[in-house]
Structure formats: structure tokens, C-alpha cells
Amino acid sequence: MVNKEIVVVGAGPAGLAAAIEAAKAGGEVLVADLNILPGGQLFKQIHKFFGSSAHRSGTRGIEIGRQLLAEAEKYGVEIWLNSAVIGLYDDRVVSIEKGLNSGEKELINIKAEKIILATGASENVVRFKGWTLPGVMGAGAAQTMINVNRVKPGNKVVMLGSGNVGLIVSYQLMQAGCDVVALVEAAPNIGGYGVHASKIRRAGVPVYTRHTIIEAKGTDRVKEVIIAELDDSWQPIAGTEKVLEADVVTLAAGLKPISDLARLHDLEMVYNGVFGGWVPKHDENMESTQSGIYVAGDTTGVEEANTALEEGRLAGIAAAESLGYIAEKDAKERKDDTWKRLDGLRMGPFGEKRMYAKNEILACFPARS
Amino acid sequence: MALEQNGYITREELASFNQIISEERFKKGPVAIIECIQQIPCNPCESACVRKAIRIGEPITSLPVLNEDRCTGCGVCIARCPGLAIFVIDKTFSDAEATVAFPYEYTPLPQKDETVDAVDRTGRVVCKGKVMKVLNPESFDRTPVVTLAIPTEYADEVRSMKRRRDR
Amino acid sequence: MSKDLDDDMFVCRCEEVTVREIRQAIAEGARDVVGIKRRTRAGMGLCQGRTCEKMVQQILSQELGISPEETGTSSARPPVKPVDFGTLAKGVQ
């Protein structure tokens with residue numbers, strides 16, 4: 001068994017931000033991530049981010065990823081890649097399958113004083129006839145293919161779902177040289193930002209609201225996609241079917257928080273529809289119902305990279321404070337500033353329901369014994 | 001709102017948010033057109049403008065307001081808007097032609113003097129456009145800005161060019 | 001979507017469990033994700049339910065008229081990610 005002060009699970013925006021804050025304050029920080037490269041989803045976000053200009057907005061996600069990595073290195077954060085955390089046991093023992101340079105792996109158990117869970121979220125799937133055919137994939141998977149691996153998933157894409165992920169990935173698929181032959185949305189309105197929708201409309205993408213995919217057809221991969229209009233009770237209207245020639249179907253049907261480690265250590269969970277499912281209860285320090293275990297980012301409710309960064313900062317500051325690296329007054333100031341920025345990101349018609357959802361989660365936090 | 005149903009802004013919507021530039025201002029030369037009518041947490045356009053012609057203020061979800069008199073139509077804000085929602089229009093370009101400058105993040109980029117298909121907010125080709133300029137300096141961070149000359153009557157409609165597939 | 005169109009569709013692709021089998025498990029008394037898992041193996045494959053759990057929850061909530069919250073979630077057990085036997089055999093540091 002090895003001892004570490006702070007172990008962060010996940011090297012995405014939340015995990016890296018937490019690690020940087022804690023290490024900057026003087027903490028000994030190890031970040032473990034199961035991927036070969038750090039950065040989580042940041043390195044496939046090739047678009048410029050929204051947000052406050054005081055806070056890196058207008059900067060592309062990949063650039064934010066690079067800046068975070070440079071900062072993490074500067075403050076001496078240790079990062080283990082290709083290293084999956086496979087278990088979390090009583091009294092903060094983290095079991096890691098560490099990837100070695102030799103390509104081998106070894107199991108290491110670490111006794112951590114503080115743990116920060118920033119495990120992110122996974123994509124939801126939608127079922128329709130033929131959804132298991134090759135060519136049907138998550139929108140995030142397609143985004144990884146084009147922006148990280150530089151492989152086109154196909155040529156003609158039908159995108160299902162018009163939230164920001166569906167809109168942004170549609171745009172990026174066109175940037176990669178694919179055609180988006182339809183954006184299909186079951187709801188009467190487009191879910192994501194109008195400016196994202198406008199980008200793909202200008203590029204000629206047809207938008208079908210109140211529609212769904214009935215079937216993906218093909219023998220060894222998708223060749224045709226059948227869509228149909230929905231009635232007021234979300235049922236397909238017979239006779240409205242359209243056949244689209246397409247070889248890729250991308251699903252942007254939301255994400256759900258990854259919470260298996262949280263449940264392993266008996267963190268109390270609460271169901272929250274806005275945030276995508278079961279999330280750990282936490283307080284304003286991002287500390288869970290298990291003392292010394294913090295949560296941040298999409299693990300605590302699906303939002304966006306900016307909010308994940310800020311929540312990570314909160315967790316990192318709070319963990320460092322509880323280890324005595326930051327004085328209470330100083331920590332309070334920095335946490336207040338961070339909360340202010342978070343509040344700003346959770347305002348307006350798109351953000352406020354997440355503000356309410358977050359407040360509900362904070363409100364249900366039981367007093368720690 | 002038509003934007004939420006169809007994915008593009010109508011002139012009526014822009015008018016209802018006071019985002020229509022006066023014809024008097026158009027007569028004075030190039031000016032920025034901001035087509036941003038949803039309260040999203042975003043403000044890089046505000047700091048992009050050295051003349052402080054764009055105001056968002058607090059809270060960060062406020063809509064941008066353009067000061068027509070301060071704006072010189074320099075176009076620095078075009079590449080800074082993460083939503084690609086700012087354009088610059090010059091209706092004084094010539095007797096019969098206006099220019100429209102817009103962000104264009106696709107390859108291949110058009111070349112100067114080339115004739116391309118100009119499209120409206122729905123992607124429909126409305127007229128031909130001649131490429132006057134393609135700017136892509138480092139400060140734009142990989143958001144090239146294309147300026148097209150088009151018949152003035154289409155200046156309020158043209159917002160991009162047809163994406164080319166020749167590769 | 002009509003039931004017969006739906007029946008042969010896979011829900012859990014790792015274990016090849018169809019909508020029909022999930023519905024049958026509900027008819028046999030399954031009331032939550034764990035009940036479905038024990039009867040059909042849905043969620044016991046390589047991805048450990050990462051793909052199908054939400055769809056299983058949807059079917060449960062449609063068939064039984066309960067909220068997604070009431071359909072529960074599978075229990076977490078280590079290892080939460082697949083580990084090679086070779087690595088396990090070397091023991092823990």
C-alpha cells in the first residue's frame with residue numbers, strides 16, 4: 001500500500017482543475033486516468049468556448065486543455081495515464097490498475113487522505129430498429145473519431161438530438177468533410193443554443209423537429225435511415241416516413257453521470273433528471289457524504305466543460321484547505337469567487353434550470369456527523 | 001421563437017431585440033451586425049472591441065448592445081464571437097453592391113476574386129458573390145473571415161457562402 | 001413505437017438481450033434494473049450496463065408506469081473496469 005495526500009480520479013477539466021488548485025497550494029497530488037492522453041473531452045472540443053472573457057472564453061477547448069496540462073506540470077501534479085481506477089474501498093483506499101511504460105499493468109492500492117472523483121459522464125443510447133448496426137454511434141464517439149483520431153466515421157450523417165452536443169458535433173462533422181443530411185429532434189424546439197443551430201442551418205443542414213428515427217437499414221452497415229414525424233404523444237405518424245441515404249447515425253441523446261466509484265464507497269446519491277440521473281450528494285465544498293471524498297464535474301450532474309472546471313477548482317481548494325495548506329479566510333475568498341463564476345454560468349434561459357438543480361442537491365445534503 | 005423552432009433568426013426577431021441597424025448608419029460605411037438574441041453566458045465580443053462599441057455588462061447573460069456611432073466596422077469582433085454570430089456589412093461599397101464579412105471555418109477556403117454561391121441564414125443560395133478578402137491572421141485563432149461583394153439588395157440576407165466539397 | 005416492431009430489438013448488445021426478453025422478465029416479476037439483470041443478464045457484459053442501463057430503465061418505467069428513479073440502478077462492484085487475469089494474478093502492491 002502506498003500513501004498519497006490527494007488522489008484525483010479523472011484527468012478531464014474537473015480533475016485537472018482540482019489537481020492544479022490543490023498542488024498550487026502545496027498538496028501532493030496524483031491524478032489517475034484510464035485514457036492514454038489526459039484532458040478528458042477537452043482535446044476534442046475544437047470550437048471556441050462560451051463564457052466570461054475574464055475566464056478563457058473565446059478560447060478553443062483544445063487550447064484550454066493544453067494550458068491546464070502545462071499548469072499541472074508546473075505545480076508538480078503526478079499523472080498516471082492508461083491507469084483505470086477499478087475500486088474504491090473503505091477508508092479511502094483507491095485501487096488502480098496502473099499502466100506501465102513496458103505496456104504491462106500492475107495493481108496498486110493507495111491510501112489517500114483526500115479523494116476527488118471527477119469521472120465524467122457517458123453517452124445515452126436511443127433504441128430504434130437497427131441501432132446495433134455498424135455506423136450507429138454516440139455523437140461524442142464520432143467527435144473523438146474526427147477530432148482526436150482524425151478518421152471520418154462515414155460521409156453522410158443523420159444526427160439525432162439537437163442539444164448543444166448534437167449541434168456542435170454536426171458542425172464539426174462538416175468541418176471534417178462529412179455531410180450532415182438531417183438533424184432530427186423529437187421535441188418541437190431545438191434544444192441547444194440558437195447560434196450553434198444557425199451555424200449548421202447556414203451550411204444547409206435540414207432540421208426536422210418533432211421527428212424521430214424509426215429505423216437504420218443496411219446489411220453490414222447503415223445505408224438508409226427512415227425518419228418519421230411525431231404526434232403530440234410522441235408517437236410516429238403513419239405515412240410521414242422519409243428515407244434518407246446515410247452511412248452514419250450519431251446519437252446526441254444526453255449523457256449520464258458515471259457514478260460507480262461513488263456508489264462503491266457508499267456516497268449517498270440522489271436522482272436528478274436535469275443532471276442526467278443519479279448523482280452524489282455534496283456540499284458547497286463539493287465534499288460528499290463521506291468525509292474526505294470530493295466530487296466535481298459531470299460526475300455531479302451533466303453540465304459543460306466550464307462548470308466542470310469551476311467545480312474542480314472548488315474541490316481542489318477545499319481539499320487543500322482541509323489538509324491545512326490554505327488558511328480558512330483565503331480559501332473562503334477563493335471559493336466565493338469560484339461560486340460567483342459558477343452562478344454566472346448557470347444563468348439565463350439555458351442555465352437556470354441547472355442552477356435550481358444544483359441548489360436542490362446542495363439542499364438535500366445531510367449534516368455530516 | 002422562430003430561432004428555436006427552425007434554427008435561424010428572422011428579421012422580425014432581430015427587430016424585436018433591437019438588433020437592426022438603421023439605414024442612416026449603413027450610409028456612413030461598414031458596421032457590425034450582431035445576431036445574438038438568446039441569453040447565454042458569454043461576453044468575449046465586449047472585450048474584443050477596442051472602441052467599446054459592444055456592451056454586455058452584468059449579468060454575463062445580458063444580450064450584446066451595439067453602439068452604432070462608435071462601431072467602425074473593423075470586424076475584429078467577428079472571429080472573437082464563439083457563436084459565429086457577428087457579421088460586418090458595408091452598404092456603401094459601390095452603387096449596386098454591398099459587402100458582407102462572415103466567419104468561415106471550413107476548408108478549402110475560397111480565394112480572393114473567386115466567385116462563390118452566397119447563402120442566406122437557411123443555407124439557401126440567394127446570389128453569386130465575389131470574394132474580396134479572406135483574412136486569417138493568428139489573432140483570429142483559426143476563424144477565417146471572408147468578405148463577399150454581393151448585390152446590395154441581398155445585404156440583409158446573405159450570411160455565409162455555400163460550403164464547397166471539392167476535395 | 002408499436003410493440004411488435006420493437007420486440008426483436010437488442011437492448012443489451014453485450015449479452016444479446018432483446019426487448020421481448022426484458023418485457024418477459026417484467027411479466028415474471030422484475031421491478032427494477034437489478035431484477036432485470038438477474039433474469040436476463042442485461043448489463044452483465046463487457047460494458048457492465050453503461051450502454052443499456054438507461055434503456056432498461058426506460059422500458060421498466062414505460063411498462064410499469066413508474067418513474068426512472070424507481071427503476072433503480074445496478075449495484076457497483078469492483079473491479080468497475082475489466083482487468084486482465086494476468087494483472088490480477090501478480091497481486092496488489
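Predicted model: local features only at pLDDT ≥ 70, side-chain atom pairs only at ≥ 80, totals over all residues.

**Chain contacts and a parallel sheet**

Three salt bridges are counted between chain B and chain A.

**Interface of chain B and chain A**

- One salt bridge links the side chains of B:Arg163 and A:Asp179, with a distance of 2.6 Å from N to O.
- Polar contacts across the interface of chain B and chain A involve 20 residue pairs, both residues being at pLDDT 80 or more.
- On the side of chain B that touches chain A, α1 (2-6) and α4 (44-48) of chain B each supply at least two residues.
- The most is given by α1(B), which contributes four residues to the side of chain B that touches chain A.
- By residue class, the side of chain B that touches chain A comprises 16 nonpolar, 13 polar and eleven charged residues.
- In total, 40 residues from chain B and 39 residues from chain A take part in the contact.
- About 3,300 Å² is buried between chain B and chain A, and carbon and sulfur atoms give 49% of this area.
- The residues of chain B that lose the most area to chain A are B:Pro41, B:Pro82 and B:Tyr106, which together account for 16% of what that side buries.

**Interface of chain A and chain C**

- Three salt bridges are also counted between chain A and chain C.
- A:Arg127 is joined to C:Asp6 by a salt bridge in which the closest N and O atoms are 2.6 Å apart.
- Ten residue pairs, with both residues at pLDDT 80 or more, are in polar contact across the interface of chain A and chain C.
- Elements of chain A that each supply at least two residues to the side touching chain C are β4 (84-89), β6 (105-117) and α6 (260-264).
- The side of chain A that touches chain C contains 19 nonpolar, seven polar and nine charged residues.
- Chain A contributes 35 residues to the contact and chain C contributes 37 residues.
- The area buried between chain A and chain C is about 3,200 Å², with 58% coming from carbon and sulfur atoms.
- In chain A, the most area is lost to chain C by A:Leu107, A:Arg127 and A:Trp131, together 24% of what that side buries.

**Arrangement of the chains**

- Two pairs of chains touch, and the most contacts among them are between chains A and B.
- Chain B and chain C do not touch, as their nearest C-alpha atoms are 24 Å apart.

**Parallel sheet of chain A**

- An open sheet of five strands in chain A has the order β8-β15-β9-β10-β11, with parallel pairing.
- At the edges lie β8 (136-138) and β11 (207-209) of chain A, each of which pairs on one side only.
- From one strand to the next, the twist averages 20 degrees.
- Three bridges in the parallel sense connect β8(A) with strand β15 (residues 248-251) of chain A.
- Opposite A:Gly138 stands A:Leu251, which belongs to β15(A).
- Helix α4 (residues 164-175) of chain A lies across β9 (156-160), β10 (179-185) and β15 of chain A.
- The direction of this helix is at about 170 degrees to β10(A).

Technical notes:
Residues numbered from 1 in each chain as written. Chains lettered and ligands numbered in written order. Heavy atoms only, no water. Pairing = 2+ DSSP bridges. Axes fitted to C-alpha atoms, helices over the stretch in contact; angles between N-to-C directions. Contact = heavy atoms within 4.5 Å. Buried area = accessible area lost by both parts, 1.4 Å probe. Salt bridge = Lys/Arg side-chain N within 4 Å of Asp/Glu carboxyl O. Polar contact = N/O pair within 3.5 Å; in protein donor to acceptor, adjacent residues only side chain to side chain. Nonpolar A, V, L, I, M, F, W, Y, C, P; charged D, E, K, R; others polar.
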